[in-house]
Amino acid sequence: MQVRRLFFNRTIKLLHLGAAIFYAVIMTSDTMTLGTSTQTPPAHDASLTDLEYLDQHGLDAKEFKGLTYPIGDHAPEYGELFPLAAGIGWTRLPVPGLLNHINIWLLDDEDEKGEGVAIVDTGLNMGESLKAWEKLFTGDLDGRRITRVIVTHFHPDHVGAAGWLCEKHGVRLWMNRTEWLMARMLTADVRDEPPQEALDQMRFAGWDAERVENLRKRGWGNFAKAVAPIPVSHVRLDEGAVIQVGKRNWRILTGGGHTPEHACLVDEENGVIIAGDQILPRITSNVSVMTSEPTADPLGEWLDSIAKFRAVLAEDVLVLPAHGYPFTGAHNRLDALAAGHHDRLDALEKALGEKPMRAVDTFALLFARKIDDSVYGLATGEAMAHLRHLEHTGRAQLDVKDGVGWFSKPS
Ligand SMILES: [Zn+2]
Ligand SMILES: [Zn+2]
């Protein structure tokens, strides 16, 4: 219990940072029932797209809001390996809070030393999550050698245990260069107090003096608390590159907006994408203006990425998301994500026609849920992303008065 509480408290502090690290459930209000299945997983060589086979083994496909979940809401326990398709294993690790878990993919691999397993994404560098890894290494992965660690993007639930895993197994980290640099930078930047410019950004968004002062007291550099030291070298995952992992070839497809260059892995031949946080089935990925780029338009990048993925991916591609259940229906999901943002942008533009607004004035309009202290920073980042996008596309104008940003209809 002690460990669990410590784990939870530390992560709550992280969430308070408001550093746009976790994902918002705040733009979607619907939920899906989570159930634990006691059914036996299919054999190693079962393809997930073979619905007939899976039907015979009792894992029923489910349809929900235009998406198909080929094995319904079956998911592995923490630290348990579920053989999902030929050469693709699936496990889950715990993540505190709304997110609940992260999906980890374990790919059959081969290198100069022979057969082994490549890990994709790593979970937080925290007690419960590392315990699940140990369970896996002494259990379902016992006797298997780890060949490399692949990470989709720099967020702590994805890169957190990468350094620990690389060191433990003596293997390299494979990651997009920008994402690796972000993780290196954020783990190195630990100070007693936030720099003034970070506090000024919150004032700009409309935070009152008390809230800014509370942020100042919380220190700076909480990212490093959930992330093991990042290896000093990496192997680059560049847009368009093809990497061979075991018998499968994966093309790197990068997206922006959630993080700068989030890497997805696409097996075109077999119609599978390891999507990370770029396409989630149930929750909307967090798209926030980040401290590192206060004037940027991440929502513009996100919408561009949605269009790019929509054009590149086959409609029936099997999506392996970082959170939630494997699904097909990528086009429907991408269309729904884009429509959700456009709907909020239109509503926001209309409201700005009535009166100028700061980021904090837009919460009720943008989010279906009440914004309390625990998600105030996250909501600020997302609200700012919507306002900046309107500004960047000429649909809003920005006036700064006494350090506070007011957005209004262009005059
Ligand atoms: Zn993420
Ligand atoms: Zn994630």
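Modeller: Before we start, one definition: two strands pair if DSSP finds at least two bridges between them. The model here is predicted.

Colleague: Fine. Which strands form the open sheet, and in what order?

Modeller: The order is β10-β11-β12-β13-β14, and the pairing of these 5 strands is mixed.

Colleague: Which are the edge strands?

Modeller: Those are β10, residues 242-245, and β14, residues 318-321. Each of them pairs on one side only. From one strand to the next, the twist averages 30°.

Colleague: What about β12 and β13, in which sense do they pair?

Modeller: Strand β12 (residues 262-267) and strand β13 (residues 272-276) are antiparallel, with 3 bridges. Leu265 has Ile274 of β13 opposite.

Colleague: How many helices and strands are there in the protein chain?

Modeller: The chain has 12 helices and 16 strands. It runs to 411 residues, of which 48% count as buried. Among contacts with a separation of 6 or more, 67% come from residues 24 or more positions apart.

Colleague: On to the inside. How many residues has the largest nonpolar core?

Modeller: It has 101 residues. Trp105, Ile119, Val149, Ala162, Ile273 and Val319 have the most contacts inside this core. The element that gives the most to it is helix α12, residues 376-392, with 7 residues. As a general point, nonpolar side chains tend to be buried together in soluble globular proteins.

Colleague: You mentioned Val319. What is Val319 in contact with, leaving aside neighbours within four places in sequence?

Modeller: Its contacts are Ile273, Ala275, Ile279, Pro326, Phe327, Thr328 and Ala330. One of these, Ile273, was also on the list of residues with the most contacts inside the core.

Colleague: Changing topic: at what angle do α9 and α10 pack?

Modeller: The angle between helix α9 (residues 298-312) and helix α10 (residues 330-352) is about 155°, and their axes are 10 Å apart. Angles over 145 degrees count as roughly antiparallel, so α9 is roughly antiparallel to α10. Their crossing is left-handed.

Colleague: Which residues meet there?

Modeller: From α9 there are Leu299, Leu303, Ile306, Phe309 and Arg310; from α10 there are His331, Leu334, Leu337, Ala338 and His341.

Colleague: Take Ala338. Is it buried, exposed or partly exposed?

Modeller: Ala338 is partly exposed, because it has 15 C-beta neighbours inside 10 Å; buried would take 20 or more, and exposed 12 or fewer. Not counting residues up to four places away in sequence, Ala338 touches Leu303 and Ile306. Ala338 and Ile306 lie 32 residues apart in sequence, with 7.0 Å from C-alpha to C-alpha.

Colleague: And Gly143, where is that found?

Modeller: Gly143 sits in the loop between α3 (127-138) and β7 (146-150).

Colleague: Why does Gly143 count as exposed?

Modeller: Gly143 counts as exposed because it has 5 C-beta neighbours inside 10 Å, and the limit for exposed is 12 or fewer. Gly116 is 27 residues away from Gly143 in sequence and 9.3 Å away in space, C-alpha to C-alpha.

Colleague: Last one. What is in the hairpin of β15 and β16?

Modeller: The hairpin has 2 residues between the strands, and Asp402 takes a positive phi near 55°. Strands β15 (residues 397-401) and β16 (residues 404-408) pair in the antiparallel sense over 5 bridges. Gln397 has Ser408 in β16 as its bridge partner.

Definitions and conventions. Residues numbered from 1 in each chain as written. Chains lettered and ligands numbered in written order. Predicted model: local features only at pLDDT ≥ 70, side-chain atom pairs only at ≥ 80, totals over all residues. Core = buried A, V, L, I, M, F, W, Y, C linked by C-beta atoms within 7 Å. Helix = DSSP H or I, 4+ residues; strand = E, 2+ residues; numbered from the N terminus. Contact = placed C-beta atoms within 7 Å. Axes fitted to C-alpha atoms, helices over the stretch in contact; angles between N-to-C directions. Parallel < 35°, antiparallel > 145°, perpendicular 65-115°, else oblique. Left-handed = near helix turned anticlockwise from the far one by under 90°.
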